[in-house]
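Student: Hi, I've got a structure open and would like to talk it through. Can we start with the charged side chains?

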Amino acid sequence: MARERSGRTARHLVLVARLRHLREGAGLSVPQAASQLGWHPSTLRRLEQAQTSLDVGQVSALLDLYGAGAAETDDIMGRLNAANMPGWWHPWRDAMAPWLMDLMSVESAASVVRTWHPALVPLLLRTPAYAMSVDELMFPERDAAERQRRADFLVERQKRLQEQQTRLWAVLPVTALRCRVGDDEVMREQFEMLQQTAERGDVTMQLHPEYAPPHPLTGVPALSLYRVEIREIGDHVVREGGLPGTAEVWDSPHPVQTYQGMLDVSCVMAIRPARTREVLQDEFDRKWA
């Protein structure tokens with residue numbers, strides 16, 4: 001039975017990666033393995049891409065074909081039920097774009113999330129009111145209930161990242177703090193949240209001064225890099241900036257390493273993290289003192 005659409009989980013990704021490695025170790029291509037089992041190649045491709053749930057009979061047949069040892073067979077079969085369970089975000093799928101549903105498995109396993117935004121407070125640092133104000137501008141067709149639903153999901157993401165001890169490292173220009181989103185109350189609340197967040201040990205925030213020279217991320221749209229310390233799940237890069245609600249997602253080494261290098265240099269050129277609280281206070285005083 002195909003899984004109800006809600007995105008893949010980290011456990012699911014780990015198991016399909018192990019199955020793919022076993023196939024490659026047996027010297028079989030996808031068409032060859034599918035042919036020996038009497039399957040259409042697309043069936044195996046979908047299974048290896050975690051696009052369907054892991055059927056007990058199919059997985060058992062694959063393990064037999066690949067010559068998996070007894071210990072590995074028992075381990076994989078024992079993990080099937082957990083891998084087929086929907087992620088915590090399953091009830092929130094109405095609040096997500098399709099690309100985000102597939103990314104949530106990576107976010108749930110990330111040890112570090114690095115993020116950049118050229119003009120606004122990065123999403124994972126936004127208050128609900130700030131996020132809804134941005135949503136109202138970018139998606140005017142959404143009603144208030146839908147915007148509230150998306151803001152509630154953002155709060156849940158923030159809470160889950162903190163609970164799983166994911167480190168958040170954000171870099172943005174100082175001018176992004178001056179972009180008026182919503183009314184004074186929305187902006188004041190957002191500043192206060194940033195000041196509180198800057199005190200947390202699991203968050204690093206860096207700012208680029210207003211008259212600084214260009215850096216590698218100058219002009220680059222909103223960007224996030226997910227670092228994952230699970231061998232079977234690669235790091236991912238997400239770049240937004242096309243049509244609203246769309247994003248490009250990469251997990252291949254070249255784009256991931258390229259953007260990581262750009263983030264590294266940009267962070268070196270930014271104000272050091274120890275001064276972030278001072279700059280935030282200066283910006284707060286500039287507006288409200």
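Student: Is glutamate 283 buried or exposed?

Tutor: Glutamate 283 is buried, with a relative accessible area of 8%. Buried means under 20% relative accessible area, exposed over 50%, and partly exposed in between, using a 1.4 Å probe and protein chains only. One caution first: this is a predicted model, where local features need pLDDT of at least 70, side-chain atom pairs count only at pLDDT 80 or more, and totals for chains, interfaces and linings use all residues. Residues are numbered from 1 along each chain as its sequence is written, and side-chain values use heavy atoms, with hydrogens and water left out.

Student: Good to know. Which side chain does glutamate 283 meet in a salt bridge?

Tutor: That would be arginine 178, at 2.9 Å from N to O. A salt bridge here is a side-chain nitrogen of Lys or Arg within 4 Å of a carboxyl oxygen of Asp or Glu. Glutamate 283 lies in helix α12 (residues 276–288) and arginine 178 in the loop between β2 (167–173) and α10 (184–197), so the pair ties together parts that are 105 residues apart in sequence. Helices (H or I, at least four residues) and strands (E, at least two) are DSSP runs, numbered from the N terminus. Arginine 178 itself is partly exposed, at 29% relative accessible area.

Student: How many salt bridges are there in the whole structure?

Tutor: The search finds 24. One of them joins arginine 160 and glutamate 156, at 2.8 Å from N to O. These two are four residues apart in helix α9 (residues 144–163), so about one helical turn separates them.

Student: Switching topic: what does helix α1 look like?

Tutor: Helix α1 covers residues 10–25, and its 16 residues reach 22 Å from first C-alpha to last. That is close to the expected 22 Å at 1.5 Å a residue, where the expected span is 1.5 Å times one less than the number of residues. Its buried residues include Leu15, Val16 and Leu19. The partners they pack against include α2 (30–37), α3 (41–48) and α7 (98–107).

Student: And which residues touch the most others in the largest nonpolar core?

Tutor: Of its 70 residues, they are Leu54, Met96, Leu125, Tyr130, Phe153 and Leu177. α1 gives the most to this core, with seven residues. By nonpolar core I mean a set of buried Ala, Val, Leu, Ile, Met, Phe, Trp, Tyr and Cys residues joined through side-chain atoms within 4.5 Å.

Student: What does leucine 54 touch?

Tutor: Leaving out residues up to four places away in sequence, the contacts (heavy atoms within 4.5 Å) of leucine 54 include His12, Leu15, Val16, Leu19 and Leu80.
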